[in-house]
Amino acid sequence: MVDSVFVMPGTVAAPRTGTLRDLHSRYETVREALTRIDKAAREMGLPDISPRLIEDGAGERPYSPEVHYLEIFAVSLATYHLLVAEGVEPVAIVGQSIGELWALAAAGHVSVGDAARLAVARSQALTRQAWPGTMLAVGVDGRRAASLAGLIGHPHLVLACENTPRQSVLSGPRQQIDEAERVAEALGWPSVRLDVPHPTHTPAVAQAARDLRATAPRVSYGGARWRVSSPWLGRDIGDEDPVELVAGALTAQVRMLHTVRALHAAGADTFIECGQWPVVTRFVEASVPGVQVVVPLSEHDPVAAVRALVASRADTTPPPVRTPVPLPVPVSPAPVAPAPPVAPAPPVPAPAFAAPPPVAATTPAVPAAPSVPTPQAPVTPASPVTADPPRPAPNDDRQYTTVLAEIRALYGDYLGYPPELLGDDDGLESDLGVESLKQVALLSRVADRYGLPDLRANTSLLTVGTLRRIAQAVVQAQAEATAR
């Protein structure tokens, strides 16, 4: 299963009592991992982590952020060992926020004990700073969420996470988040406040990052068994110091959307959640429609679910290998003007740091971004084309191929998609989630690039647009212009 990616959640709801009972009894590697986490917890003055996870009658434990993080770590690592024991090997491991530390431990970059100690040191540094901020999930793309933060204009209110084409997270002071929430409501953008112990991914927690660098225990760095792709670095992790990685991530933006799309473009077609809840895999489904996602611990029998996955892959012919595509380098999204008020749209996956609805109040479901009415752009009068443009004649095939490649690159660059991910017949809105306002802007770029102002009046390219139809329309318009 060389096409599988393991995804590790960040701050989600606490796992249920007894979640790991079966895995603990079945797999020696799970027992060893939990023993190491318990040992590290005791060394830091915390209670053992495993009893509540493997014993139905263990009862609830007094809450602390440190215990919360270590429980999430234990569940992520146990799921990883289940997958590997049953023959599933990842092409890469990806972690969301603090989940990147779990990924480093699973891959072998750091030991289990060191990862647990570093997670606790991170939590304690954030608690000492006691920054009174919060986070807000907004049902729009990162570009719009960044423009909302820019409109309010506070240096600590920033786009923290870009999870899907229709879900982003802002992090900032409570007063500015309150204002952002009011503006989002006025614009008709769905939003929900996130209940997390430590809001992060903002320059506001730079003090905690400095504190962590100064006080965290030194962590040995080992040779990794698996590739770890970092959504905040925008590339694979190399030989960076683990403390510096964790500290740097506190103030950095997490671009899960771009990491997922880059891995999919490189050949990954199955994403498996190493956690109890379908959190990161929801981001995956919303970012790459049609991709396969698996959440073993959400199944009645996790082991059977993994074995069924392995068996299904054994019975199919492996897909063609695609050329790997490097992860995109993180850039700050360009500010854009907020969209006009629109009606809310149906729900989409839960936001980062949130658990699924059945479990806790930390599990909001964020609705999808609203559709934006197409603005009326001034154009040279022309008769709208309502029928499909005819397929280029054979002698135009080379021109058509060139134009299609150019348009694919143009759209991919604007939308943040690897060009290889854009199918010729993918519906821009129905399949790729490109809203009407962006389609207008993109079609204008195509018209300008090829000197075809009348192309803007072709409304059919907006209502049922695909790259193939747009390329055909360009070739046809060029041929008509030459014939005049």
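Q: What is Leu70 in contact with, leaving aside its neighbours within four places in sequence?
A: In this predicted model, and with those close sequence neighbours set aside, Leu70 is in contact with Ile37, Ala41, Leu46, Ile49, Ala116, Ala119 and Val120.

Q: And which residues have the most contacts inside the largest nonpolar core?
A: Those are Leu70 and Phe73, in a core that has 92 residues. Helix H4, which spans residues 65–85, gives the most to this core, with 12 residues.

Q: What does a second, separate core include?
A: That second core has 26 residues, including Ile407, Leu415, Val434 and Ala471. As background, nonpolar side chains tend to be buried together in soluble globular proteins.

Q: Zooming out, how many helices and strands are there in the protein chain?
A: The secondary structure of the protein chain comes to 17 helices and 10 strands. The chain has 484 residues, of which 57% count as buried. If you take the contacts with a separation of 6 or more, 76% of them are between residues 24 or more positions apart.

Q: Back to H4: is Ser76 buried or exposed?
A: Ser76, which has its place in helix H4, is buried, because its relative accessible area is 0% and the cut-off for buried is under 20%.

Q: How many residues of H5 are buried?
A: Nine of the nine residues of helix H5 (residues 99–107) are buried, so this helix is largely enclosed by the rest of the structure. The buried residues are Gly99, Glu100, Leu101, Trp102, Ala103, Leu104, Ala105, Ala106 and Ala107.

Q: Which residue follows H5?
A: H5 is followed by Gly108, which has a positive phi, near 100 degrees.

Q: You mentioned H6 and H10; at what angle do their axes cross?
A: The axes of helix H6 (residues 112–129) and helix H10 (residues 242–250) cross at roughly 35 degrees and come within 11 Å, and the crossing is right-handed. From H6 the contact is made by Leu118, Arg122 and Leu126, and from H10 by Pro242, Val243, Val246 and Leu250. By class, the residues of this contact divide into six nonpolar, no polar and one charged.

Q: Next pair, then: how do H11 and H12 cross?
A: Helix H11 (residues 256–265) and helix H12 (residues 280–287) have axes that come within 10 Å and cross at roughly 65 degrees, which makes H11 roughly perpendicular to H12. Their crossing is right-handed. Met256, Leu257, Val260 and Arg261 of H11 make the contact with Val280, Phe283, Val284 and Ser287 of H12, and these residues divide into six nonpolar, one polar and one charged.

Q: And at what angle do H14 and H17 pack?
A: Helix H14 (residues 397–415) and helix H17 (residues 467–483) pack at about 130 degrees, with their axes 9 Å apart, and they are therefore oblique to each other. The crossing of H14 and H17 is right-handed.

Q: Which residues meet there?
A: In H14 they are Gln399, Tyr400, Val403, Leu404, Ile407, Arg408 and Tyr411, and in H17 they are Leu467, Arg468, Ile470, Ala471, Gln472, Val474, Val475 and Gln478. The contact of H14 with H17 has 10 nonpolar, three polar and two charged residues. Ile407 and Ala471 are also included in the second core.

Q: Changing topic, where is Val306?
A: Val306 is in helix H13 (residues 302–314) and counts as buried, at 1% relative accessibility. Not counting residues up to four places away in sequence, Val306 touches Leu82, Leu83, Glu86, Val88 and Pro296. Val306 and Ile272 are 34 residues apart in sequence, with 9.7 Å between them in space, C-alpha to C-alpha.

Q: Last one: is Cys161 buried or exposed?
A: Cys161, which is found in strand S4 (residues 158–164), is buried, with a relative accessible area of 0%. Between Cys161 and Ser171 there are 8.6 Å in space, C-alpha to C-alpha, and the two are 10 residues apart in sequence.

Technical notes: Residues numbered from 1 in each chain as written. Predicted model: local features only at pLDDT ≥ 70, side-chain atom pairs only at ≥ 80, totals over all residues. Heavy atoms only, no water. Axes fitted to C-alpha atoms, helices over the stretch in contact; angles between N-to-C directions. Helix = DSSP H or I, 4+ residues; strand = E, 2+ residues; numbered from the N terminus. Parallel < 35°, antiparallel > 145°, perpendicular 65-115°, else oblique. Left-handed = near helix turned anticlockwise from the far one by under 90°. Contact = heavy atoms within 4.5 Å. Nonpolar A, V, L, I, M, F, W, Y, C, P; charged D, E, K, R; others polar. Core = buried A, V, L, I, M, F, W, Y, C linked by side-chain atoms within 4.5 Å. Buried < 20%, exposed > 50% of the residue type's maximum accessible area, 1.4 Å probe, protein only.
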